[in-house]
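I opened this model to look up a few residues and the strands around them. My notes follow in the order in which I made them.

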Amino acid sequence: MSLDLNTFKNQLGVAARPNNFYVTMSVPKPAAGSVGAAPIADIRYLAKATTIPAFTMGIVEIPHIGGRRLKVPGDRIFNEWQVTFIADETMGVHKLMEQWTNYIKRYDFSQEDLTGGNDDNSYYGTVTVTHTDVSGADLRSYQLDQAFPTEVAQMDMSYDNFDQIAEFSVTFQYSGITTKNF
């Protein structure tokens with residue numbers, strides 16, 4: 001069976017584009033409260049690249065008669081998630097990520113690890129990536145629940161890079177995803 005181009009175009013409609021997205025965050029108040037960090041709104045404009053979060057469905061194998069195994073769904077495992085930010089001259093987003101990780105565990109080890117109990121002691125935030133259409137209207141969002149940064153990557157500096165913009169990546173861990181269609 002052959003498909004003609006018009007049938008394909010009608011089935012496809014308007015294709016989703018990977019460069020139509022934005023990222024928003026809600027960080028713990030103590031981590032965001034320091035002077036010099038980026039306003040949370042800036043994150044939407046400074047996120048350069050990311051992905052729709054991935055997950056893996058675990059499998060539990062149950063032994064059965066004759067050596068066969070019945071495979072049943074197990075726990076859903078949420079993979080780490082990464083976003084690349086553009087660094088502006090204020091380094092606001094980088095400072096915010098430093099403050100958030102410092103709030104979790106200080107550089108000088110003088111603060112105990114937080115347990116995430118109530119809102120005053122929680123180091124969890126939410127991070128949302130929203131896919132948009134070509135006009136900028138929201139299509140679907142993925143909210144990473146109980147998220148926190150685990151790595152603020154290096155930012156390369158070099159005299160050879162005079163025609164590039166500085167950028168860095170942040171890796172997050174999270175406990176679940178909440179999705180929303182618009």
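**Entry 1: strand β8.** I began with β8, which is mostly covered, as five of its seven residues are buried. I took buried to mean under 20% relative accessible area, exposed over 50%, and partly exposed in between, with a 1.4 Å probe and protein chains only. Helices (H or I, at least four residues) and strands (E, at least two) are DSSP runs, numbered from the N terminus. This is a predicted model, in which local features need pLDDT of at least 70 and side-chain atom pairs count only at pLDDT 80 or more, while totals for chains, interfaces and linings use all residues. Residues are numbered from 1 along each chain as its sequence is written, and side-chain values use heavy atoms, with hydrogens and water left out.

**Entry 2: the partners of β8.** Which way do β5 and β8 pair, and over how many bridges? I found them antiparallel, with six bridges. Two strands pair if DSSP finds at least two bridges between them. In this pairing I noted Q82 opposite T171 in β8. β7 also runs antiparallel to β8, and four bridges join them. There F148 stands opposite Q173 in β8.

**Entry 3: aromatic rings.** I searched the whole structure for aromatic pairs and got seven. One of them is W81 with F172, a tilted pair at 5.8 Å centre to centre and 45 degrees between the planes. Rings of Phe, Tyr and Trp (its six-membered ring) pair if their centres lie within 6.5 Å; planes under 30 degrees apart count as stacked, over 60 as edge-to-face and the rest as tilted. The pair links distant parts of the chain, since W81 is in strand β5 (residues 81–86) and F172 is in strand β8 (residues 167–173), 91 residues apart. W81 counts as buried because its relative accessibility is 1%. F172 is buried too, with a relative accessible area of 0%. Another tilted pair is Y123 with Y124, at 4.7 Å centre to centre and 45 degrees between the planes. Y123 counts as buried at 14% relative accessibility, whereas Y124 is partly exposed at 25%. I also wrote down one aromatic cluster, formed by W81, W100 and F172.

**Entry 4: charges over rings.** Where does the charged end of R44 sit? I found it over the ring of Y22, 3.5 Å from the ring centre. A charge sits over a ring if NZ of Lys or CZ of Arg is within 6 Å of the ring centre and within 35 degrees of the ring normal. The charged end of R76 sits over the ring of F55, 4.2 Å from its centre.

**Entry 5: Q146.** I then looked up Q146, which is found in strand β7 (residues 138–152). Is Q146 buried or partly exposed? Q146 is partly exposed, because its relative accessible area is 40%. Leaving aside neighbours within four places in sequence, Q146 is in contact (heavy atoms within 4.5 Å) with Y124, G125, Q173, Y174 and S175. G125 is 21 residues from Q146 along the chain, yet their C-alpha atoms are separated by 5.6 Å. The side chains of Q146 and S175 are joined by a polar contact of 3.2 Å. A polar contact is a pair of N or O atoms within 3.5 Å; within protein, one must be able to donate a hydrogen and the other to accept it, and residues adjacent in sequence count only if both atoms are side-chain atoms.

**Entry 6: N20.** N20 is buried, with a relative accessible area of 15%. Not counting residues up to four places away in sequence, N20 touches T130, H131, T132, D133 and V134.
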